[in-house]
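Subject: Structure handover

Hello,

Here is the structure we talked about. Please open it alongside these notes.

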Amino acid sequence: MQGLMMDVPLTVTGILRHARLNHPEQQVVSITADHPRHRYTYGEAFARSAQLANALDRLQLPAGARIATLAWNDFRHLELFYAVACAGRILHTVNPRLLPEQIAWIINDAGATMLFAAPEFAPLLAKLTPHLVHVRTIVFMTGPAHLPPASPAPLLADARCYEQLLAGEPPEFNWPDLDERTACSLCYTSGTTGHPKGVLYSHRSTVLHAMAAAGADVMGVTARDGVLPVVPMFHVNAWGIPFIVPMTGGKLVLPGRGAGDPATLVDLINTERVTVALGVPTVWLALLQYLAATGVRLPSLKRTVVGGAACPQAVIDEFRDRHGVETHHAWGMTETSPLGTFNSPKPGQEKLPLEAARALQAKQGRSVFGVEMRIVGDDGHELPRDGRTFGSLQVRGPFVASGYYGMEKSDVHTVDGWFDTGDVATIDPDGYMQITDRTKDVIKSGGEWISSIELENHTVGHPAVAEAAVIGVAHPKWSERPLLIVVLKPGETVSRDDLLAFLAGKVASWWVPDDVVFVPEIPHTGTGKINKIQLREQYRDHLKKE
Ligand code: AMP
């Protein structure tokens, strides 16, 4: 039809062009092994992305080539995000915390031919490379002075230095006009059972996700914000932050390996005047403990975004009461780019009485525009949005995966076009979704469901508790009963009976766990979630022994 709007493709290249033209002076700060505090601008970042794209052309990597990374959040990783995607190749971020055999399996499945790695992963690479089928070139993300010493095991691939690769390349690149449906990045799900599965993002889905997530009632990032993604760039593209922040012109603060160290994070927040920080609950639990022990304050920080696992109420309370920081609970998955819901108040909900506000904030939030949600029962019928009825959470939208990379069939997509998330949830009349469990983690006691997440949240509210996990274990009468596994804060004590009494006032009596096990540490998966499969394996017969 004549006079219709321009059909300009939605591409990551559009974000790069926009940021380079409109925010060239804005800063990107990062920590790497060779730079304790690296600082440059978007102007410089995107000029170096162009240099890198020229270097990749020189190496004759074809369009659609998968380029893997084993790296933390830093400026070179950011350059790769744009250099690879905007030249029509696919960035394949890999979680270095997985087991070497899992990493090799993922990189082979992706068919990656080139691998960029932080130099500290040299020992891991020596173990990996004999198993990598397609990788021909490895690039260490550092300068010549910081290359790893010659590895004891041969790398079985051409090894190069990132800074040498860029040196002499022109800072301009003739970025191709890409179709918005071109793939730009590939991430694998954590895969707690079976092999991990690849999720292939398109330029279009990435831009739509970034636009939706940037919104004022979602991440609300502005050109005046300093944003710290503690969530790794290998975990669903750091929740889209490497796209959202350049798009809006905010300052990007990348913590590198410091993401695992509360002291470094606090120092970054305070010296770089970070206003928004994002990460999984374990990060905030550790950071709050550090703040409580040192008495350090966070004057610049306005908001934290917490997702990836249920956010304990104690995190929200402590950020609000001790630091004046608002915590927003968000939910998402690798398959949803990842943002699906975000918790922000509706009119009239900003000033609720404390208890009502707390109950609302504990929910995972409302649909982000672009993600439709429903809950269904075992028969596939939609269940009411009454805030009480539990059902399987299904979603659909333009940044939700339609299937898995290289797989013909998916058993988690319905015939009517919805993706079954594997989460069990309620949706209330205001549209707030609350996860009660993973389908596999829900505890079925005498035919009734018990939410492990709710029990964990209450337990972490006890002042002596650092971390808690609740699993269902076999029981002769009820088929399954909850078992509480607890890590105490250093120097704290609480008895089994006192802890159970603490819970008794907060949940239905039949939800109270049958026993408590105190442990020095709870196992986590590579993406920082509690490893319930391992716990169930370990404590399977705990109640039978009793
Ligand atoms: P991943 O694809 O590794 O990001 O894992 C996605 C899964 O993490 C979801 O299906 C949920 O089970 C869980 N998850 C993510 N965010 C939350 C949250 N805010 N509360 C509870 N579970 C969450």
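**Ligand site**

A polar side-chain atom of R438 sits 2.7 Å from an oxygen atom of the ligand. Such a polar contact is a pair of N or O atoms within 3.5 Å; within protein, one must be able to donate a hydrogen and the other to accept it, and residues adjacent in sequence count only if both atoms are side-chain atoms. Q364 also uses a polar side-chain atom, 2.8 Å from a nitrogen atom of the ligand. A330 uses a polar backbone atom instead, and a nitrogen atom of the ligand is 2.7 Å from it. In total, 15 residues surround the ligand (a heavy atom within 4 Å). The closest are A330, T334, Q364, D423 and R438.

**Basis**

This is a predicted model: local features need pLDDT of at least 70, side-chain atom pairs count only at pLDDT 80 or more, and totals for chains, interfaces and linings use all residues. Residues are numbered from 1 along each chain as its sequence is written, and side-chain values use heavy atoms, with hydrogens and water left out.

**Helix pairs**

Two packed helices are described by the angle between their axes and the distance between the axes. Axes are lines fitted to C-alpha atoms, for helices over the stretch in contact, and angles run from 0 to 180 degrees between N-to-C directions. Helices (H or I, at least four residues) and strands (E, at least two) are DSSP runs, numbered from the N terminus.

Take α14 (residues 452–460) and α15 (residues 496–504). They pack at about 115°, with axes 10 Å apart. That makes α14 roughly perpendicular to α15 (65 to 115 degrees; under 35 is roughly parallel, over 145 roughly antiparallel, the rest oblique). Their crossing is right-handed (the near helix is turned clockwise from the far one by less than a right angle; anticlockwise is left-handed). L455, H458 and T459 of α14 make the contact with L499, F502 and L503 of α15; contact means heavy atoms within 4.5 Å. These residues divide into 4 nonpolar, 2 polar and no charged. Ala, Val, Leu, Ile, Met, Phe, Trp, Tyr, Cys and Pro count as nonpolar, Asp, Glu, Lys and Arg as charged, and the others, Gly among them, as polar.

Next, α11 (residues 281–294) and α12 (residues 313–323). Their axes come within 10 Å and cross at roughly 35°. This crossing is left-handed. From α11 come W284, L285, L287, L288, L291 and A292; from α12 come V315, E318, F319, R322 and H323. By class, the contact of α11 with α12 has 8 nonpolar, 1 polar and 2 charged residues.

Last, α1 (residues 12–22) and α2. The axes come within 8 Å and cross at roughly 135°. That makes α1 oblique to α2. The crossing is left-handed. L16, A19 and R20 in α1 meet Y42, G43, F46 and A47 in α2.

**Backbone and loops**

Most residues other than glycine have a negative phi, and most peptide bonds are trans. Q60 is not a glycine, yet has a positive phi of about 60°. Q60 lies in the loop between α2 (42–58) and β3 (66–70). The peptide bond from S337 to P338 is cis, with omega near 5°. P338 is in the loop between β14 (326–332) and β15 (339–342).

One more loop: E382 lies between β17 (372–376) and β18 (391–396). Leaving aside neighbours within four places in sequence, E382 is in contact with R374, I375 and V376.

Best wishes
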